[in-house]
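Then we can walk through it together.

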Amino acid sequence: MSGDVTIETVATTDQLERCFAIRFAVFVDEQRVPPEEEMDALDRADTTIHLLASVDGEDLGTLRVLGEGAGHCHIGRVAVHSRARGTGMGRLLMERAGEVALERCADDQGHLRIELSAQEQAMGFYQACGYSPVSGERYLDAGIWHQDMALELTRK
């Protein structure tokens, strides 16, 4: 994959629909998550931040950041098209998500705990991004084994 990765904070309905298209390609078509489980009310909540990653105008990755009170947020629905995996796009998307979360969700002292529900097959990726397993407890979500992971950040 050539070209520079562009990561945008979603601001329009068109961009949001493009995020949903990536998620459906990855979660519904590829991983067989039931379509009714893929979308939820948080997708269109005013407080939800969606990021959209593209290369040369082709949409290839997305995720969402959910604020959960001062100093806490959740990153979820991390989806990267199969043709962009292993290129570094996912890592750039997670780094940008951390920056956005720190800007918008840190507490008054600049501290932030980001949590995510990692598919077990993706835990190595998240560990490479600095996340650590919370308890090691596994659970099924949409028929896929997950574990909670977290990262602590401080604004400089």
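A word on the ground rules. This is a predicted model, where local features need pLDDT of at least 70 and side-chain atom pairs count only at pLDDT 80 or more, while totals for chains, interfaces and linings use all residues. Residues are numbered from 1 along each chain as its sequence is written, and side-chain values use heavy atoms, with hydrogens and water left out.

Let's begin with the empty space. Rolling a probe the size of a water molecule over the atoms shows where such space is left. Here, a pocket is an open set of points on a 1 Å grid over the protein atoms alone, where a 1.4 Å probe fits and protein lies on both sides within 12 Å along at least five of seven lines; lining residues have an atom within 4 Å of a point. A volume is the space filled by probe spheres set on the points, with grid points joined across faces, edges and corners.

The largest pocket has a volume of about 730 Å³. Its lining holds 37 residues, and those closest to its centre are Phe27, Val78, Ala79, Gln119 and Tyr126. Which parts of the chain build that lining? At least two residues each come from helices H1 (13-30), H2 (35-38), H3 (89-105) and H4 (123-128), and from strands S3 (58-67), S4 (72-80), S5 (111-119) and S7 (144-154). Those labels are DSSP runs numbered from the N terminus: helices are H or I with at least four residues, strands are E with at least two. S4 gives the largest share of the lining, seven residues. Sorted by class, there are 18 nonpolar, 11 polar and eight charged residues in this lining. For that sorting, Ala, Val, Leu, Ile, Met, Phe, Trp, Tyr, Cys and Pro are nonpolar, Asp, Glu, Lys and Arg are charged, and the others, Gly among them, are polar.

The second largest pocket has about 220 Å³ of space. Among the residues lining it are Arg91, Met94, Gly98, Leu102, Tyr131, Leu153 and Lys156. H3 and S7 are the elements that give two or more residues to this lining, and H3 gives the most, with six. The classes here come to six nonpolar, two polar and four charged.

H3 deserves a look of its own. Its 17 residues should span 24 Å at 1.5 Å a residue, and its end C-alpha atoms are 23 Å apart, which agrees. (The expected span is 1.5 Å times one less than the number of residues.) An α-helix has 3.6 residues a turn, so residues three or four places apart point the same way. The buried residues of H3 include Met89, Leu93, Met94, Ala97, Val100 and Ala101. Buried means under 20% relative accessible area, exposed means over 50%, and partly exposed is in between, using a 1.4 Å probe and protein chains only.

Now for some charged residues. Is Arg23 buried or exposed? Arg23, in helix H1, counts as buried because its relative accessibility is 1%. Its side chain makes a polar contact of 2.7 Å with the side chain of Asp43. Such a contact is a pair of N or O atoms within 3.5 Å; within protein, one must be able to donate a hydrogen and the other to accept it, and residues adjacent in sequence count only if both atoms are side-chain atoms. Beyond four places in sequence, Arg23 also touches other residues, including Glu38, His50, Arg77 and Ala79, where contact means heavy atoms within 4.5 Å.

Asp59, in strand S3, is buried too, at 19%. A polar contact of 2.7 Å joins its side chain to that of Arg18.

Arg77 in strand S4 has a positive phi of about 50 degrees although it is not a glycine, and it is partly exposed at 21%. Arg32, in the loop between H1 and H2, also has a positive phi, about 65 degrees, without being a glycine; it is exposed at 64%.Last stop: Lys156, in the segment after S7. Lys156 is exposed, with a relative accessible area of 99%. The C-alpha atoms of Lys156 and Gly110 are 46 residues apart along the chain and separated by 7.7 Å.
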